[in-house]
Amino acid sequence: MKLIDVTQKFPTEDSCLDYIEQMRWSGGEIGCVHCGEIGRVSKITREAGKNKRTRIYQCMACGKQFSATSGTIFNDTHLPLTKWFLAIALICEAKKGMSAKQVQRHLGVNYRTAWHLCHRIREAMKDGGLLTGEVEIDETYLMPKKPRKGKPYVKKETKDIVLGMRERGGRLRLVPIADGKASIIGPVLKANISLRAKAIYTDESAVYPYALNYRLLKKHKTINHSREYVNGDIHTNTVENAFSLLKRGIYGSFHKVSIKHLGRYCDEFSYRFNRREEQLQMFDATLKNLTRGNALPYKKLTSPVSEP
């Protein structure tokens with residue numbers, strides 16, 4: 001859904017609530033979020049106030065009250081739903097990602113609110129299911145930017161590594177890994193690639209014969225990048241194209257990403273790439289995940305974490 005469509009379709013809090021209600025109760029019958037009773041619900045309307053929804057429901061079976069946002073990430077938010085919907089549209093539309101600073105300017109909120117908002121939306125951008133078909137695998141390294149002239153350059157001992165897996169003509173999966181060892185790459189491949197995959201394409205790294213399952217090893221084909229980049233249908237150019245998009249976003253839009261939060265940025269780029277032809281479905285899927293997902297507390301986002 002394009003930004004102009006969001007502003008026209010959801011101009012008020014009530015229009016946003018209507019859409020969430022349709023998404024949560026597609027059958028038309030409102031169901032109690034506490035006891036599950038369907039149909040026996042009384043609607044209560046009230047004037048809009050600070051941190052209050054304009055409508056609530058009361059279950060006639062258990063007597064408890066709830067709203068369309070009860071049990072969702074939107075329940076405890078102090079931000080209007082209209083700004084939530086705009087933020088979802090902005091992030092879904094930004095091919096190379098959008099920084100929290102830019103979201104702050106667009107929505108007229110403070111930086112802390114925008115940063116927390118963006119991470120909660122990224123948390124909802126997770127893909128499931130195993131990759132099948134012809135799958136290309138490769139890893140890329142996110143290097144620290146060199147400082148300007150005159151400033152000391154501190155060499156980083158460990159680089160941030162992202163493992164990429166992409167079906168030819170299909171989905172992309174980007175996963176940060178702590179190291180390029182087979183013991184680390186192996187479980188990631190197992191969790192993301194189906195044993196029914198038709199073929200596996202990698203470079204001639206010595207890691208993959210040890211990391212791949214023996215059933216996938218029979219379908220494994222390699223390309224020697226020191227001599228050539230394509231040999232018939234054997235290449236990893238498809239997944240490397242996705243790496244270029246990720247790096248343009250990390251270096252150009254965000255400039256610097258912590259290893260602690262890198263996984264959410266990878267989820268965002270994979271999610272958006274896999275739905276690049278389906279803008280409306282991307283908006284709806286993200287909103288649906290937000291209504292079903294667990295809250296991501298600000299305290300958890302800012303808690304210290306050791307580098308891998």
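Guide: Helices (H or I, at least four residues) and strands (E, at least two) are DSSP runs, numbered from the N terminus. Two strands pair if DSSP finds at least two bridges between them. This is a predicted model, in which local features need pLDDT of at least 70 and side-chain atom pairs count only at pLDDT 80 or more, while totals for chains, interfaces and linings use all residues. Residues are numbered from 1 along each chain as its sequence is written, and side-chain values use heavy atoms, with hydrogens and water left out.

Visitor: How many helices and strands does the chain have?

Guide: The chain has twelve helices and eight strands. Its C-alpha trace spans about 70 × 55 × 35 Å along the principal axes.

Visitor: In which order do the strands of the open sheet lie?

Guide: The order is 6-5-4-7-8, five strands with mixed pairing. Strand 6 (172-177) and strand 8 (220-223) are the edges, each pairing on one side only. From one strand to the next the twist averages 25 degrees; for such angles, axes are lines fitted to C-alpha atoms, for helices over the stretch in contact, and angles run from 0 to 180 degrees between N-to-C directions.

Visitor: Which strand pairs run parallel, and which antiparallel?

Guide: Strand 7 (residues 199-203) and strand 8 are parallel, over four bridges; there I200 stands opposite H220 of strand 8. Strand 4 and strand 5 are antiparallel over eight bridges, with E167 in strand 5 as the bridge partner of V135. Strand 5 and strand 6 also run antiparallel, joined by six bridges, and M165 stands opposite R173 in strand 6.

Visitor: Which residue takes a positive phi in the hairpin of strand 5 and strand 6?

Guide: G169 does, with a phi near 75 degrees; the hairpin has four residues between the strands.

Visitor: How is burial read, and how many residues of strand 5 are buried?

Guide: Buried means under 20% relative accessible area, exposed over 50%, and partly exposed in between (1.4 Å probe, protein chains only). Eight of the eight residues of strand 5 are buried. On one side these are D160, V162, G164 and R166, and on the other I161, L163, M165 and E167, so that both faces are covered. Across the chain of 308 residues, 45% count as buried.

Visitor: What packs on the sheet?

Guide: A contact means heavy atoms within 4.5 Å. Helix 9 (residues 237-254) packs on the sheet, touching strand 4 (134-142), strand 5 (160-167) and strand 6, and its direction makes about 35 degrees with that of strand 4.

Visitor: What does T140 touch, and why does T140 count as buried?

Guide: T140 lies in strand 4 and counts as buried because its relative accessibility is 6%. Leaving out residues up to four places away in sequence, T140 touches D160, I161, V162, F243 and K247. The side chains of T140 and K247 are joined by a polar contact of 2.9 Å. A polar contact is a pair of N or O atoms within 3.5 Å; within protein, one must be able to donate a hydrogen and the other to accept it, and residues adjacent in sequence count only if both atoms are side-chain atoms.

Visitor: What span should helix 2 have?

Guide: The expected span of a helix is 1.5 Å times one less than its number of residues. Helix 2 (residues 13-24) has twelve residues and should therefore span 16 Å, which agrees with its end C-alpha atoms being 16 Å apart.

Visitor: Which residues of helix 2 are buried, and what covers them?

Guide: E13, S15, C16, L17, Y19, I20, E21 and M23 are buried. Their cover includes helix 1 (3-9), strand 2 (55-59), helix 3 (81-93) and helix 11 (279-292).

Visitor: How many residues has the largest nonpolar core?

Guide: A nonpolar core is a set of buried Ala, Val, Leu, Ile, Met, Phe, Trp, Tyr and Cys residues joined through side-chain atoms within 4.5 Å. The largest has 48 residues, and W84, F85, I121 and F283 have the most contacts inside it. Helix 2, strand 2, helix 3, helix 4 (100-107), helix 5 (111-123) and helix 11 each supply at least two residues of this core. Helix 3 gives the most, nine residues. Another core of 19 residues lies apart from it, with I137, I161, L163 and L216 among its members.
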